[in-house]
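Please keep the structure in view while reading.

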Amino acid sequence: MAEAARSAEPAIEAAFAPFRTEGGALLPDGTQVLDAHTHLGVDEDGQSLQPEALLAALDEVSPAARACTFPLHDPDRHPGYRRPNDRVLRWAAESGGRLVPYCRLDPAEDPVGEAERCLGRGARGIKLHPRAQAFQFGLPAADAIFACARDARVPILIHAGRGMAPMDALADLALRYPEVPLVLAHAGIAGQGMFASRLADHPGVVYDTSTLSPFDVIELFARVPAERIVFASDVPYGRPVFGLYQALRIGTHVAGLDADELRMLAGGTMAALLDGAQPPAATPPRVPEVRPMVGRLVRVAVYLHSAFASMLAGDGRRDPARSLPWIAMARTVCRDPEPGPAGEALDRIDASLDAAERILLAGGSEGWAAIGLVHATMVFAATEPAATDGDRPA
């Protein structure tokens with residue numbers, strides 16, 4: 001198996017090369033990259049990430065790239081994430097400034113005491129995960145945490161992704177504490193429309209881009225100001241280099257951001273929040289709510305979404321090989337004898353998916369790298385600019 005993995009490495013690197021090259025070209029010179037959402041330690045779900053691996057993942061973006069980081073849902077979290085928080089604080093102190101530590105809190109286990117302890121030792125923010133900790137934002141403890149963050153002038157990052165009940169109580173809480181910078185993780189998809197409407201006038205709410213679907217991020221740019229969106233990867237569940245590729249490709253090709261705005265998306269806005277500044281002045285959303293699309297590329301993107309769903313669904317086993325039938329369906333689109341305006345894009349997609357299929361069919365742990373390739377290909381399909389029939393995309 002080790003020999004098979006080594007033999008797959010050149011194919012993987014060759015397949016990723018176009019995305020790496022394009023991602024580097026999309027990043028404006030002088031950008032200070034700051035990933036708003038990363039984890040360290042171990043999780044009950046089997047995921048883990050050590051500081052050396054996080055720094056190596058950031059190095060794929062830039063040797064100067066930084067990240068906000070906090071503990072995973074660690075089995076050693078009781079009482080109140082004290083030991084995982086201490087590990088993150090130590091790792092951050094040893095990182096030469098590249099890791100910005102947050103403390104993770106459990107509202108049921110002295111959250112204010114733990115927050116004050118960690119903030120006194122150098123934590124720069126607070127992480128709350130209402131699904132993992134099974135709490136609602138109507139609790140008195142939630143008010144106390146927000147009051148603590150207000151007094152310390154630090155941001156709170158909150159899981160606002162899958163698996164959540166309606167989160168209107170969080171909007172109520174945020175409006176009671178407008179001084180608290182709020183980072184809604186995963187593009188706020190647990191209630192993106194509700195958050196966009198109710199928190200439109202909140203002076204310090206931002207949304208991070210760490211979500212699987214590029215369509216969720218595109219719709220975010222159609223609902224909230226670009227100045228309120230920050231790059232994040234959710235590593236180890238994502239990967240910084242490809243999370244940044246998604247954010248920059250949407251920012252460039254769909255939202256039409258200029259170089260200064262891309263710098264703010266990639267790290268400038270989040271750095272300002274950590275320094276106690278307000279986000280830049282908000283402008284109207286950059287993406288229209290009704291927008292043209294190339295139908296053939298939408299079909300590819302939908303099939304690749306299905307590839308992810310099949311990989312994760314069913315008996316709880318995560319098996320990348322389950323994605324193969326849906327990758328095959330996406331490739332049928334690429335073989336269209338009349339590709340129209342999508343011709344060159346479909347050629348590139350087919351080459352990428354051919355490499356992904358070969359890696360998956362070879363078996364072994366390298367299949368997970370192929371899944372990253374599938375995701376980058378899905379982002380490309382979802383963001384390729386539309387044009388009229390018979391014309392190349394702009």
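## The surroundings of Ala330

Ala330 touches Val300, Tyr303, Leu304 and Leu353, where residues up to four places away in sequence are not counted and contact means heavy atoms within 4.5 Å. Ala330 belongs to helix H12, residues 324-334; helices (H or I, at least four residues) and strands (E, at least two) are DSSP runs, numbered from the N terminus. Between Ala330 and Leu353 there are 23 residues in sequence and 8.3 Å in space, C-alpha to C-alpha.

Is Ala330 buried or exposed? Ala330 is buried, because its relative accessible area is 0%; buried means under 20%, exposed over 50%, and partly exposed in between, with a 1.4 Å probe and protein chains only.

## Basis of the model

This is a predicted model in which local features need pLDDT of at least 70 and side-chain atom pairs count only at pLDDT 80 or more, while totals for chains, interfaces and linings use all residues. Residues are numbered from 1 along each chain as its sequence is written, and side-chain values use heavy atoms, with hydrogens and water left out.

## Cavities

Two cavities of 30 Å³ or more are present in the structure. On a 1 Å grid over the protein atoms alone, a cavity is a set of points where a 1.4 Å probe fits but cannot get out, a pocket is an open set with protein on both sides within 12 Å along at least five of seven lines, and lining residues have an atom within 4 Å of a point. Grid points are joined across faces, edges and corners, and a volume is the space filled by probe spheres set on the points.

The largest cavity holds about 60 Å³, and its lining includes Pro130, Phe135 and Met164. That lining has nine nonpolar, one polar and one charged residues; Ala, Val, Leu, Ile, Met, Phe, Trp, Tyr, Cys and Pro count as nonpolar, Asp, Glu, Lys and Arg as charged, and the others, Gly among them, as polar. The second largest cavity, of about 30 Å³, has Leu40, Arg87 and Trp91 among its lining residues. Strand S1 (34-42) and helix H3 (82-93) are the elements that each give two or more residues to this lining, and H3 gives the most, with four.

## The second largest pocket

The second largest pocket has a volume of about 300 Å³. Of its 18 lining residues, Val254, Pro292, Ala382, Glu384 and Ala386 lie nearest its centre. H14 supplies the largest share of the lining, three residues. By class, the lining comprises 14 nonpolar, two polar and two charged residues.
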